[in-house]
Structure formats: structure tokens, C-alpha cells
Amino acid sequence: MLKAILKEPLVHFLALGLIVFAVYHVLNRSNQPKPDKIVVTQARIEQLSGLFTKTWQRPPTAAELKGLIDDYVKEEILYREALALGLDIDDTVIRRRMRQKMEFLSDAVIDLLTPADEDLQNYLNANPSKFGKAPQIAFEQVFLNPDSRGDRIEEDAASILEALNSHAPGNATTLGDATLLPYELGATSATRISRTFGPQFAKAVDLLAPGAWTGPIKSTFGMHLVRVNKREPGRIPALSEVRHAVKREWTQEQRKKLEDKHFAELLKRYKVSIERQPNAAAEPEASQ
Amino acid sequence: MRHILMALTICVLAPTPSIVLAQDHLPDKAGVAATLGKKEYSPYVGREFPTRVLWGDTHLHTMVSVDAGTMNRLGQEDAFRFARGEEVTTTHGLRAKLSRPLDFLVVSDHAEMYGLMPQLLKGDPEIVSTDPGKRWYKELTSGDSDKIFATAMEIVASLSKKEPPIKSDNAVKHAWKAYTALADKYNEPGRFTALIGYEWTAIGGYNLHRNVIFRGDASVANQTVPFSQFDSQNPEDLWSALAELEEKTGAEVLTIPHNGNLSNGRMFKVETFDGRPLTKEIASLRARFEPLAEATQIKGDSETHPLLSPNDEFADYETWDRSNLDGTELKKPEMLQWEYARSALKTGLMLEQKLGVNPFKFGMVGSTDSHTSLAAVEEENFFGKHSGVEPEPDRWKHIVIAAPDSKLNVMGWQQAASGYAAVWATENTREAIFDAMKRKETYATTGPRMTVRFFGGWEFTDDDTNSRLPAGVGYAKGVPMGGDLSGDAQGKTPSFLVAAMKDPYSGNLDRIQIIKGWLDSNGELQEKVYDVVWSDDRKPGSDGKLPPVGNTVDVENAVWSNSIGSPELIGVWRDPDFDPSERAFYYARVIEVPTPRWTAYEAMRFGVDMADEVPMTTTERAYTSPIWYTPKG
């Protein structure tokens, strides 16, 4: 798109015209009697000298310092002239640099923010899903391996289930097949159960009431008889339990908010119109 | 000034670490046996061994790394958030999230000119006032992607020079402190561990790189700054400097080498860095600091090579063997034996016989070495080696590494979507994970999160495979992966209990193998792969080889079926060729059934046709740390 515009002869012609106009303007201006003023302050000189010292690990000599100052003056003049020519307007480097400078302004502000307890408590209350302890399930499971049991698996499951529900506890650790899956899990969230047993199993266990052995429940590994021992409802922890995380997330959000707000303020000062041509509209999406 | 201000602010805001955790003490054999022997209702009461494997990446770069920073706009905070399971927006504007969070992460940005990239891109006057700084800044912000890639490659090359092109000790110190504070901020014991680390990146072209990992928090890590290759290109100097650091500050550190496959014969050689015969002192130093090696990652797999293991049909996995890292030196076959993990473990036996110390007594981890800030190496969720090869239709034919001779360029499709580190730690804390790494109770996978247990002892019986708690039996009767069997064999044969459970989100298991390496009585190094337990009732053929498990991958639709393979395998194996006078090591390798490779997902997702040479299926695997047998006396 941009390349196509750059190839356009009309654009070349206009650009050339602009340059001629600008150069004429500058030449004209430099004939004016009253020159622009450049003041090299003592502070500036110290900065130049300091930068040199840092790079070379020694202070500049008198000649070097004069060189630095002359170079600074030259840079300042050329910089002003370049601004006058409008050379900054379409320069990617300058644009990005300026944008970053603006973004750093808000970064610096964020670094200085210290939330009050109340801010953190409010943030915690407003984001229960972020910090809340999810509902927890504690359960035991007896595993049946489909590889070794084959077609008998349903039948075996039924008889083991009966044994589990009728006999004294303790059998559960000897019944069923060998597995690396944990036999017993303490209070564990459904997400965590899913990471070990897979999502299908986690969903099914989430629906079980505590008490008796039930099943079989299928997982990606095979079949399971399950007894839910305890269910703990989800809760929002006290701030003291999660202060570290809340503060981190709060800061992260403040940064985002501040950036957005700042930008929204700026946006108000502009009227933006996007002149997309109808048949060019699909182009950017195609590369996604 | 602003940087100083910022660093100060971060220091003030950083919470003081208040949790002091006991070092994890693993019970001895007798302790576990006693626990199991108790007549408790539940044998699980009071068990102290690691019960849940923790998953992580020990090797990840962000924009703070001088090379990654040329193309990647995501910082260390994004890296932590992504690894914890949160959604982030990539450099290219895509939304990215892991299928499941990781349990731990080491953001290991390059030590060389640490933090220079973000400051360069911010136009920091101290940095842009240097000649290379000025030019790089201009080119990196030019918006021309060819120019940016060329500059990135130039910056990578500059890492191999003796002098840093840009030197700013202050910038490094500030960036390091900002990082350690951030790691403390994201470290949540029990939920997510942010281990502090960096990568020492010596001799770029020959990849002697090491990741340096700290056990402690920012207050420990801030007593030093990253040791860089500008301090020394010699790994022996790195270990010496770390030994001095440990002595002076009480810090505890370990180092993990990676990409032996790209070192052109240098990573595990039998000489010192400058070519003298290895001494006992240097071997001890290496053994002390390098308990682990990174055996698999995006830049290829380093377990073994088909030329080194001609009888191993699984040896040729994601092999990168045409040259060294930057394509400046062709690979010669005689280099391979000093590059790959299995071969190095063998060399270690020989060196131990000679020196009395085994410098290559290491366990295994996998990691990503991604430079995108995203520890994303799931086949269907692979964000690439660096930001030049993040997901887009043509990335399979983009250049990953540009060599001087374009024939040696590494192309996008050659990237391996690999790997992760699995750690059997007693809890999810910096201390417990670090200690588990020190005792090598770890394994590597090429991406999937299969659970693998591996124990060696003298008394395992077939009946142990029926245990409802294999780990309980394992710890009671033997040593876990990373452990040692000592030489009082007395007519007994070592036996191994090995068990693996598939990743519920990935393929079934084809087989578990045990790989033995040994030094025979003639002083020759040997290796052999044994199939221990497998799926689908297969019978080994007349050549002793187990027939392949089959292949259900539908490449066009990037799907497979778990109709072959097993979700879980467990077996006991006794070494049929055991000779009590021969040094040996044993490690387990778990092989998955074939599944779609990332290229298949990508071809399907973007509707692109890739060249015939591009592999479309993969057989993912896990490598455990070895168990060593050493004869008595």
C-alpha cells in the first residue's frame, strides 16, 4: 500500500515541490536580520562532559570539550532547521522515539504509586475469580485399566464398586489396578484435577455428592470408581493471605488504566477519519 | 537518571521475602519402608517423597536479551504472566495462552550486555551515544524487517567477540536488579516458582552456553551481576567465579549446558577448554556445578545421534547436525561423540575410571530456549524460536539462523517444538525445585507432560508392578532417577521399576525403554537399548526388535487417535548383561505414539502446502536422569 503510493509519479512531483518550497523558505528566513538564539548553559556543558567521562572513563581535555560544545551547537542548529523543514514528521525513528517517551511518562508515574489497603481490598473484592480460592474437592479413586481388563471392565467395575461400598474401609488401597494416578487427593480445584486426570474426568467428579463410592467414571486413562470425601465451597481469601499477588495485579491494572485514560484524553483532541478504500479493506486481515 | 529512579523505586516496592523454607530432606530407604509398614488405614499418611511432578522451563529469553530484543517486544513480566497461565499479546499481535500453566520458570536472559536492548530501544543516551548503539538503534527502528533481521544477526555475532560492542556496567546492574525484583514479585511459593537465572553465552558459534540458576531470592542474586563471556569465554572460569560467589556470599547456584549438538565437538570433550588433558580439579568443579544437561529444545534434540547409536531406531529425532550454531563450521562425524548426552554419559564413566571423578554425571531436563518470552512448545501452540518465526503462514520457510553460506541456513520448519523440564520436587518452591535439580530427580520431555517414575535397586520384583502406589515401593526399595547404586552387588542383579503415564492432553504411550551405557572390561564404551514394557500385545521379531506401534495421524486434518498405545505403562526390568565389575548407567526413555508435528497443525490452520522434506508427524518422548552403578573399591 505504502510502496504503491511511493511509486506514484504525482507523489514524487508534489514531494519535489514541497522541498523546493521549503528550501526557498529557509533561505529566505536565514536572510532575516534577527538570528535565532542558542545558549549553551553550564548545566549543558557538564552533561556533555559527564557523558564523555562515562564513555571514556576520563574527563575530556579542553580541546575535546570545545569539540563537544561545537558539535552540540551544530546539532542544535541542524535540529532546529530540520524541524523547520518538517523532516521529523514522517521519520519512523523519531515517531517511535516520541511515542516511547510518552509511554515512559506513565511508566514513571506507576512506579511511584503506593496502593492503600483499601485500594487493594477493593481490587480483591472486584476480582474474585483472580484471587478467590476455587471450590475444592477431596476424593479417592480406584483405577481400572482397560488394557488388562478388556471387555470385563464394566462387570469388574460393578463388583469392585459393591465391595467398596459394603466392606470395611482399607480395601480401596488394594482394589483396582496399578497406576501413577494418585489414589487420594486432598482438597483440589477442578482445574488442578483436570491437569492430572484430564478435563472429562474433572467435569464428572465436580458433579458428585460426597459420601458413597460411585462410578465408573471414564477418563483418558481408563475407568475410575470415585468417592468424594469433602467439598469446600469457593471463597475469597483475606487480603493478608494474597496481598503480594493483589498488589502485583493491581499495579499491572493501574498501568494499563493510566495508559488508556491518558490516551483517551489525547484522542479527544483529535478527529480521526480512516479513509479505507472499499476493495482494499480485506487486505490487512488476509495476512493474519 | 530515570533508570536510577526506577531501580530505586523497584527496590523500595519489592516485598521483603518473608518465607523461609526448610531444605527438603528426603527420607532414606528405612524411613519409607517404616512408613509403608505402619498399620495405618492409609499408606499415604506421612509420606514425604515428591508426589506431584512439577513442570517448567529453565531457559527462556525476553526482550532483555540483546539478541531477542531486536525483534521481540515482550518483556520479563509478560514471560512470567504467560508461564503462569495468563493470556498475553505476542509481538506480532496474536493472543497467546498455554493449555495449562507451568509450575516454574527461569527467565534466563543473556548475561552479555544484560538489559541493553530495552535501553537501546528507549534511546538511552548512554547507549545511543556509542557508534554501534547509534547504528543499531537506527536500523532496529527502521521498520524494514530485512534490515531488522540483519541487525539482529549482527548483534548475535557481536556476542562472540572478546570485547562488548557496548559497555555499560550501570545499565547491566540496574537491569539485573529490576529483574530479580520482578522474579521475587512473581514467585508465589506453592503456586508458581520464579527461579532467578541468566545465560552465560560464551563463544556464540560453538554454543558452550550455560544457564546459571540461583536457589535464593533477589537479596542473594543482587550480590553479583551476571557473569558474561566478556568476563571469560572459558566455562572453567565461570565455575570458579561461581565457587567464589558461593564462598563469599553463601549463594547456591547450578549451571545447565545446552545444545551440545551445535558445539561441533566441544561440549563434552575430554580436554580442558584450552586443550590440555582434563584434571581431577576441573572435573570436580564441573561435577559440582553441572548436575543437569538440557537434552532437548527448539534448536534440536541432543539425546543421541543416529551415527552414534546405529541400532537405535528412535535416535534420529529433530536432529540438527549440519554445522555449529551459527553455520560457520561444517559438522564432521568424529565431532558427534563429544556433543550428545548419551555419548557424554559414557565418556563420563571412562573419565571417572581415569580421574576418580565423573565430570559428566548429569541428569536430564528439556527446555525451550525460546526468544519470544513465551514458553510455548506444545505442537498445536508453538510460538517459535524467536520473533522472526512466530506463527504466520510462511514461517516454515523463514530463516531461523542465517549462516554465511546460505546452504547452511536453518529454516523455520526445522524448529523442534520442544521441550520442558519435569522436576520431582517435594513442594513448589525455589528451594525444593533447586534441591531436586541438584539431586538430579528430573527428566526431559519434548513437550508433552507425561508422568515418569524410575527407580533402581536390587530387590524389585514383577509383583511391584501391581502396587497401587508405585512410587512408595520405588522409594522404599531403591533410589529414584539421578541416584546411585553402589557396588555391594554380591551376586545380585540390579533391577529397575519404571512407570509412565501419558499426558492427558497428548498421545498414548508406545513403550518404555531402558538405555544402558557401560565401560567394559576391555576399556571400551558400550550402549544398548532395551524395550521394557509396551502397548498392544506386540511380540519382538526375530531380530529382537519390537514392531512399530503404528501410526494414526491424519496429517491433512492434523488429528490422531489414541486407539493404539497405552495410557499407562509399568514394568520391572533386570539387567540381563550385568557384570558387577563394570561401571554403568541406566536411564529410561518413554516413547509416545505418533502425533501431528507442529508443521501439520500449521499447514492445516493456514491452508499452506509445505515442501516434501518437511516432517508432519512426531514421536514425542521423555528422557529420565540416569541411575549410575559403580563397582565397589
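Helix axes are lines fitted to C-alpha atoms over the stretch in contact, and angles between N-to-C directions run from 0 to 180 degrees. The model described here is predicted.

- Helix 6 (residues 131–140) of chain B packs against helix 7 (residues 145–158) of chain B at an angle of about 145°, and the two axes are 8 Å apart.
- Helix 6 of chain B contributes Trp136(B), Glu139(B) and Leu140(B) to this contact, while helix 7 of chain B contributes Lys147(B), Ile148(B), Thr151(B) and Ile155(B).
- Sorted by class, the residues in the contact of helix 6 with helix 7 of chain B are four nonpolar, one polar and two charged.

**Nonpolar core**

- The largest nonpolar core has 179 residues, of which Leu105(B), Val423(B) and Ile433(B) touch the most other members.
- Helix 8 (residues 169–186) of chain B supplies the largest share of this core, ten residues.
- Leaving aside residues up to four places away in sequence, Val423(B) touches Val53(B), Leu54(B), Gly56(B), Ile433(B), Ala436(B), Met437(B) and Thr442(B).

**Helix 12**

- The 15 residues of helix 12 (residues 341–355) of chain B should span 21 Å at 1.5 Å a residue, and the end C-alpha atoms are 20 Å apart, which agrees.
- Helix 12 of chain B is largely enclosed by the rest of the structure, because eleven of its 15 residues are buried.
- Among the buried residues of helix 12 of chain B are Arg342(B), Lys346(B) and Glu352(B), together with Leu345(B), Leu349(B) and Leu351(B).
- These buried residues of helix 12 pack against helix 11 (280–289), strand 8 (292–297), strand 10 (363–366), strand 21 (509–519), strand 22 (525–534) and strand 24 (584–592) of chain B.
- Gly356(B), with a positive phi near 85°, follows helix 12 of chain B.

**Contact between the domains**

- Chain B is divided into domain 1 (54–438) and domain 2 (450–629), and the C-alpha centres of these domains lie 27 Å apart.
- The contact takes 25 residues from domain 1 of chain B and 33 residues from domain 2 of chain B.
- On the side of domain 1 that touches domain 2 of chain B, helix 12 and strand 10 of chain B are the elements that give two or more residues.
- Helix 12 of chain B provides the largest share of that side of domain 1, seven residues.
- The residues on that side of domain 1 of chain B comprise 13 nonpolar, four polar and eight charged.

Definitions and conventions:
Residues are numbered from 1 along each chain as its sequence is written. Chains are lettered from A and ligands numbered from 1 in the order in which they are written. This is a predicted model: local features need pLDDT of at least 70, side-chain atom pairs count only at pLDDT 80 or more; totals for chains, interfaces and linings use all residues. Helices (H or I, at least four residues) and strands (E, at least two) are DSSP runs, numbered from the N terminus. Two residues are in contact if their C-beta atoms, placed from the backbone, lie within 7 Å. Ala, Val, Leu, Ile, Met, Phe, Trp, Tyr, Cys and Pro count as nonpolar, Asp, Glu, Lys and Arg as charged, and the others, Gly among them, as polar. A nonpolar core is a set of buried Ala, Val, Leu, Ile, Met, Phe, Trp, Tyr and Cys residues joined through C-beta atoms within 7 Å. A residue is buried if 20 or more other C-beta atoms lie within 10 Å of its own, exposed if 12 or fewer, and partly exposed in between; C-beta atoms are placed from the backbone. The expected span of a helix is 1.5 Å times one less than its number of residues. Domain bounds come from an automatic or database domain assignment.
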